[in-house]
Amino acid sequence: MDVDPRHYEQIAIKDSDIHNIVLSYLVHNCYGETLESFVACSGMPEPADFIEDMEKRKGIVRCALEGNALKAVELTEQVAGDLLENNKDLHFDLLSLHFADLVCAKKCTEALEFAQKKLTPFGKEKKYVEKLEDFMALLAYEEPEKSPVFHLLGLEYRQHVADKLNRAILAHTNLPSYTAIERLIQQTTVVRQSLNQDHGKDGIPLFSLKDFLKG
């Protein structure tokens, strides 16, 4: 049954639906201890099949975040054999993290050798050329963190790569690569855009994403 989105507040929400949304978020982000506490408090069946895989995935993502990208590559190949072979963008991003770490450590010679051996082969494809140029530009500055491409050394870029890695591993193991709450927000955004197109000209007040998040 189709429901006017402006009347969603009249629809009853089951506790089990809320629990599954929270569970999805905890599994996605590898919050193992919180997951165990939540399962115990909510009375939900423990997703035993997820626990071991979640801990492995957590270790891999942590390596990417904490400056051990090569270890993240090694562990990913153990857990998801052909993932990086089939996802060259992700493989490049992980290798680039290691290159950035070498530059930050002032190991410029080692960084250059690593780039020639591991990163240069990606230059055969046009889409990687600009990225390679940006990373190689870091070597030209005594203080690369103050260079025009300083963002490649920052936590935000590292987090971006770690998130991509996490989603890719989830998808490889046939688990959703986005949490239920992310899907809900995406759906809400689409619905709102549709309502704007259909009714905006009629002056009908529409809810915003901010209204949705406030509840």
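A: Helices here are DSSP runs of H or I with at least four residues, and strands are runs of E with at least two, numbered from the N terminus. This is a predicted model, in which local features need pLDDT of at least 70 and side-chain atom pairs count only at pLDDT 80 or more, while totals for chains, interfaces and linings use all residues. Residues are numbered from 1 along each chain as its sequence is written, and side-chain values use heavy atoms, with hydrogens and water left out.

Q: Which residues of α6 and α7 make the contact?
A: From α6 come F92, L95, S96, H98, F99, L102 and V103, and from α7 come E110, A111, L112, F114, A115, K118 and L119. Contact means heavy atoms within 4.5 Å. By class, this contact has 10 nonpolar, 2 polar and 2 charged residues. Ala, Val, Leu, Ile, Met, Phe, Trp, Tyr, Cys and Pro count as nonpolar, Asp, Glu, Lys and Arg as charged, and the others, Gly among them, as polar.

Q: At what angle do α6 and α8 pack?
A: Two packed helices are described by the angle between their axes and the distance between the axes. For α6 and helix α8 (residues 126-137) the angle is about 10°, and the axes are 11 Å apart. Axes are lines fitted to C-alpha atoms, for helices over the stretch in contact, and angles run from 0 to 180 degrees between N-to-C directions. The two helices are therefore roughly parallel; the term covers angles under 35 degrees, with over 145 roughly antiparallel, 65 to 115 roughly perpendicular and the rest oblique. On the α6 side, K88, D89, F92, D93, S96 and F99 meet K127, Y128, K131, L132, F135 and M136 of α8. This contact has 6 nonpolar, 1 polar and 5 charged residues.

Q: How do α6 and α9 cross?
A: The axes of α6 and helix α9 (residues 155-172) come within 10 Å and cross at roughly 145°. The crossing of α6 and α9 is left-handed.

Q: How many cavities are found in the whole structure?
A: Rolling a probe the size of a water molecule over the atoms shows where empty space is left. Here the search finds 1 cavity of 30 Å³ or more. A cavity is a set of points, on a 1 Å grid over the protein atoms alone, where a 1.4 Å probe fits but cannot get out; lining residues have an atom within 4 Å of a point. Grid points are joined across faces, edges and corners, and a volume is the space filled by probe spheres set on the points. The largest cavity holds about 30 Å³ of space. Its lining consists of L97, A100, D101, C104, L152, L153, G154 and R158. Helix α6 (residues 88-104) gives the largest share of that lining, 4 residues.

Q: Where is K106 found?
A: Most residues other than glycine have a negative phi. K106, in the loop between α6 and α7, has a positive phi of about 65° although it is not a glycine. N174 also has a positive phi of about 65°, and its place is in the loop between α9 and α10 (180-199).

How values were computed: 1 Å grid on protein atoms, 1.4 Å probe; cavity = no way out; pocket = protein on both sides within 12 Å on 5 of 7 lines; lining within 4 Å. Left-handed = near helix turned anticlockwise from the far one by under 90°.
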